[in-house]
Structures are given as C-alpha cells and as structure tokens.
Amino acid sequence: MFSYCADPDTLSGLTWLSCYLTTGKHMQFYLSFGTVLLLLAITAPSALLFGFFGAASARSRIWPVAWFGKGYIAIVRGVPDIAFFLFFVIALDQGFEWVRHQVLCPDWDQPIRQGNDFIVCAQAKLPRGNTAQWVHEVYGFFLAVLTFSIVFGAFAANVLFGAMRAVPHAQIETAEAYGMSRRQTFWRILVPQMWVYALPGLSNLWMVLVKATPLLFLLGIEDIVYWARSLGGTANPRFTEYPHGDWRMWYFLALLIFYLGFTRISEIYLERLMLKLTRGQATSGGEAQRKVTA
Amino acid sequence: MSCWQTVQDYGLRSLGIGERLLPREGFTLCEQVTLIGSGLLWNIYFGALALLAGFFLATALAVGKGAKNRAIRKSASWFIFVFRGSPLFIQFFFAYFAFLQLKSVSPAFDPFTSAWLGALIVLFFNTAAYSGEIFYGALRSIPKGDIEAADAYGFSGWPRFRRIVWPTMLRLAWPAYTNEAIFLFHATTLVFFSGFPAWQQRGDALYYANFFADKTFNPFVPYPILAGYFILLTLGIIAFFGLINRRLNRHLPQSARRGLKLRINIIR
C-alpha cells in the first residue's frame, strides 16, 4: 500500500503495523464487512415481506392457508435457528436442482437419490459446472440471503401477527359498519395502523438480525469470521512477508467491538424513531411525551 | 443389527461410552435417532448448568444495575451491555482463542479450551447478562405499595429483599425468563460450530445432525429428527417453568393469576 512497504523485513513498530494492516488479504477482510452490510440491507426488507405474507395468511379464513401461516410462525419457536440455517442451505439448493431436473430432463429414468448421492442430470446442476467463480459465489450468497429471509420472516410474521391483533377491534367494526369488504378493511384500516404496535418487536428483531450475521460463516460464505480466522492464525515466515503468532484472539476482539458499536448505534436510532412514531399516539408512551411538554 | 443393539452402542456415544467408531455407511433411521438423541445430552448439560449458575449472577447483576453506588452500577451495566450487544457466536470464538493464549502461559488453563468448561463459562456469562436485564426490568416495576407496606411492617435491608422484593421480582420476570431459558437451550447448539473442538467426535445434537446431513447428503431426515427432539425439550422447559410460575403466583386470587404468555423476544 505505502511506498515504504516494499521490504517488510526492515520495518518495525507502527510502520510495520500500517503495512501489515493494508495488505491485499486485509483489504478483502475489510470488504467482507461490506458483505455483512449487504446481507442486512437485502435481508431486512425481504424478511419483512415474508413476515407480512406469513401474518396475513395466518389470519386467512381459508383453513389450509391459515394452517400454513400458523405453522410457519410456530415452527421457529421450538427449534434452534442455527438448525434452520444448516437445513435450508442444503434443502433449497437440492430443491432448485430437483425442479430444474424435472423440467429440463423429463426422460431421465434413474432415481435422484442413489444411496448417499444426490444425482440430477448435468443440465440441471446449479450453478452450471463451467461458469465463472463469481457466479458460484453469488449463488451461494443468494442461498444465504434466502435462508436468512425465511427464518427471520417467521420471526417477523410472529411480530406482525401480534400487531394486527393489537389494533383496536372497534376500528375493524367501524370499517365493517361503513360497508367495507374484508379486503378493504385489511388494506385500508388494519395495515396502516399496525406499524406502531409492531415497531418494538421489529426493532428487537433488527438487533437479533444484526447479531445473527456472523452465522453467514456456517453457510459457507467468506465473511468476517472466515477472514478473522484465516488472517489471525499463526503466519509462518516461509509463506508470508509478515510473520506473526496466533493473533486470532485480537481479530475476534475487533469483531466483538465492531458488533458492540453497531448494536449501540442501532439502539440510538431505533429509540429516536420510536419517539417520533409515538408522538401524539393514544398509548402510554405518547401520554408520557405529552406530560413532559405540558 | 437390531435397533436395540444400536441404542446400546450409541446411546451414550456423545459422552464417550459405548462404540468408538461412528457408523460409516448405510445409515439407518435408528442410528440417526439414537446418535442425535445422545448429542442432546450435551445441550441439556450446557443449558441446565448455565441457567442454574446464571440465575444467581443475574440476580446480582440486576441489583447491581439498580445500585446507588456509581462504580457498581456502571460495571453491572457494562457487563450486561457487552454480553447482550455482541453475537454469542463471536463471544465463543473470542473466548476459545483467549483461552488458547492463556493455555500457553499456564497449563492450569488446559480444561478451559475444551467445550465442557470453556463454552459453559461463556454461556453462563451470556445468560446471566440477558436474565440480569430481565430481572432489572422486573425490579423497576415492583409496585410501590409493596415496598411501602414492607417498610411499614419494619422490614429493611436483607430481610426486605429476601422476603418481599426478590419474590415479587421473580413473579414479574418469570414469563420473560422462561423465554430466555428456551433460547438458551437453543443457543447451546452453537458450541461445536464455534471453535471449540468436538473431541473424539463427541458432539451435541446439531453436531450429529450435521454429520449425518454431510454424509448422506440428505438434510430431510436428520434435521427433522433434531427439530422433534428440540420441540420436546422446549415443551419440557415450558412445563417445568410453568410449575414454578404456579408456585410463585400461589398467593394471588385465581382470576388474577397470569398464565405463562410466551413470545419471541430474544435470540442471540
């Protein structure tokens, strides 16, 4: 990076450190923080979308749809989320390949599961064997995002389902008295009012989502945990210009501080948002604000 | 090989008792159910001990966070913030590598690098921080009248805390604390995925489920088995905590008793 880094053996102290922390590998490490932020930016809205459909279908009058919605909400209560992460990454991949296999190779007559192998025809493989490395990485990241969205969608569905029930019943009755259909009541009365009830749950969910991002490592993505492990490990002088001992502890300390800062900043912003949204509301929070100003 | 034979061979495999080698091929349903169930023993071990020890530290932290002394208040708040504000996964990694460093200083830290002690300590601190925050919230919502009545009866200091404040705090915090217990048991599945080695392949339930999914390349059998075990475990926790909840609320009139209304609030 810097011009004086040409011969690391002659350096010492802070100059050595400044060269060490700007090697190409470290740049990739810093970029992987971007991966985490990208995951959050994509997952948060898509999980909200999954959650919205989950909550809406749990309220449905058609019982198979309602059962599906309620089952989706209930299942994550009893089972560790990490199990879901490990399950969905393989299951989604195999599911996609199976569908493509059915469509692309209709005259394939052998079973797909042969002993311990999962065999689909060559055209159905995802991603195709001859594609570039970055396609594989993007596909892996896409699977991870989908997995996160499904799992956190269930949590969000739980929050939104509760929020929909918290909207005062009189509002719904009034809408019915005005002759609104069920669909109109849902979109015009229920959905606009539920957000203030959902916000505490959703902001809690955001904190949980932030703290779940290191689990990307388990899904096989080269994220910050991956880089912290590989960069921090003992560096042998034979293979690197910057030999050092086992520094993994310090790398993970840095990650710990990163997450502490991230959650603290989120907390401050969410508090502000809550203050803004409760202003003028007929809730105890809104009442407290009124008393302060009065 | 009959299923009963498999249970005898692998039922306590996660503790190192029984058959040494894990099955290599032709994985039967029985083997999967047995081994995953055997791994569940570790989850129960981590969860139960961390919860039990964490309960006492959590009470201390809650009282500390509400203390008048600034030093005590600040240190309790920081402890809670550090453990609640960072992911458990990173805490495990950090603790494991920190113990590795300490091990090179003194062999006394040798057991800390294995999961049974090192991971237990992290879980203990973690659950203490989360429950401490729950208890602190409950402490602040104890009805003013209860404290005033205690004062009027001449209670003060330790007897007042022991007989009035603490039971009321537990009663108010219990539904949230039940939730915390459920998620603590779920969090124990992270242990063997976060640095701590599964020595001689003695792992927890998720470790074995992952082992089978990798070997058979079929996630649709081991993970539902794991899910079944955990749903049973969760129901067990709810039943056990429900019993305590009934005892805590036994002085209240029947209609005023609050059932355990559970909701999702925290995972790490």
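A crossing of two helices is termed left-handed if the near helix is turned anticlockwise from the far one by less than a right angle, and right-handed if clockwise. By this convention, helices H6(A) and H7(A) cross in a right-handed manner. The structure is a predicted model, in which local features require pLDDT of at least 70 and side-chain atom pairs count only at pLDDT 80 or more, while totals for chains, interfaces and linings use all residues. Residues are numbered from 1 along each chain as its sequence is written, and chains are lettered from A and ligands numbered from 1 in the order in which they are written.

Chain A contains ten helices and two strands, where helices (H or I, at least four residues) and strands (E, at least two) are DSSP runs numbered from the N terminus. The order of these elements from the N terminus is α-α-α-α-β-β-α-α-α-α-α-α. Chain A has a radius of gyration of 25 Å, well over the 19 Å given by the globule rule for 294 residues, so it is more spread out than a compact globule; the radius is taken over C-alpha atoms, and the rule is 2.2 Å times the number of residues to the power 0.38. Along the principal axes, the C-alpha atoms of chain A fill a box of roughly 80 × 75 × 30 Å.

Helix H6 (residues 169–177) of chain A packs with H7(A) at an angle of about 160 degrees, the axes being 10 Å apart. H6(A) is therefore roughly antiparallel to H7(A). Axes are lines fitted to C-alpha atoms, for helices over the stretch in contact, and angles run from 0 to 180 degrees between N-to-C directions; angles under 35 degrees count as roughly parallel, over 145 as roughly antiparallel, 65 to 115 as roughly perpendicular and the rest as oblique. In this pair, A:Gln171, A:Ile172, A:Ala175 and A:Glu176 of H6(A) meet A:Thr185, A:Ile189, A:Leu190 and A:Gln193 of H7(A), residues being in contact if their C-beta atoms, placed from the backbone, lie within 7 Å. The contact of H6(A) with H7(A) comprises four nonpolar, three polar and one charged residues; Ala, Val, Leu, Ile, Met, Phe, Trp, Tyr, Cys and Pro count as nonpolar, Asp, Glu, Lys and Arg as charged, and the others, Gly among them, as polar.

For H4(A) and H5(A), the packing angle is about 130 degrees and the axes lie 9 Å apart. H4(A) is therefore oblique to H5(A), and their crossing is right-handed. Residues of H4(A) in this contact include A:Phe84, A:Phe85 and A:Phe88, and those of H5(A) include A:Leu143, A:Leu146 and A:Ile150. By class, the contact of H4(A) with H5(A) has nine nonpolar, one polar and two charged residues.

Between the chains, 35 residues of chain A contact 37 residues of chain B. The largest share of the chain A side, ten residues, is supplied by H9(A). This side of chain A has 22 nonpolar, five polar and eight charged residues.

An unreviewed UniProt entry lists residues 30–53, 74–92, 138–164, 185–209 and 249–270 of chain A as "transmembrane region"; annotations may be inferred rather than shown by experiment. Residues 138–164 of chain A are 100% helix and 0% strand, with end C-alpha atoms 36 Å apart. For chain B, an unreviewed UniProt entry places "domain: ABC transmembrane type-1" at residues 40–244. Over residues 40–244, chain B is 79% helix and 0% strand.

Key
Contact = placed C-beta atoms within 7 Å.
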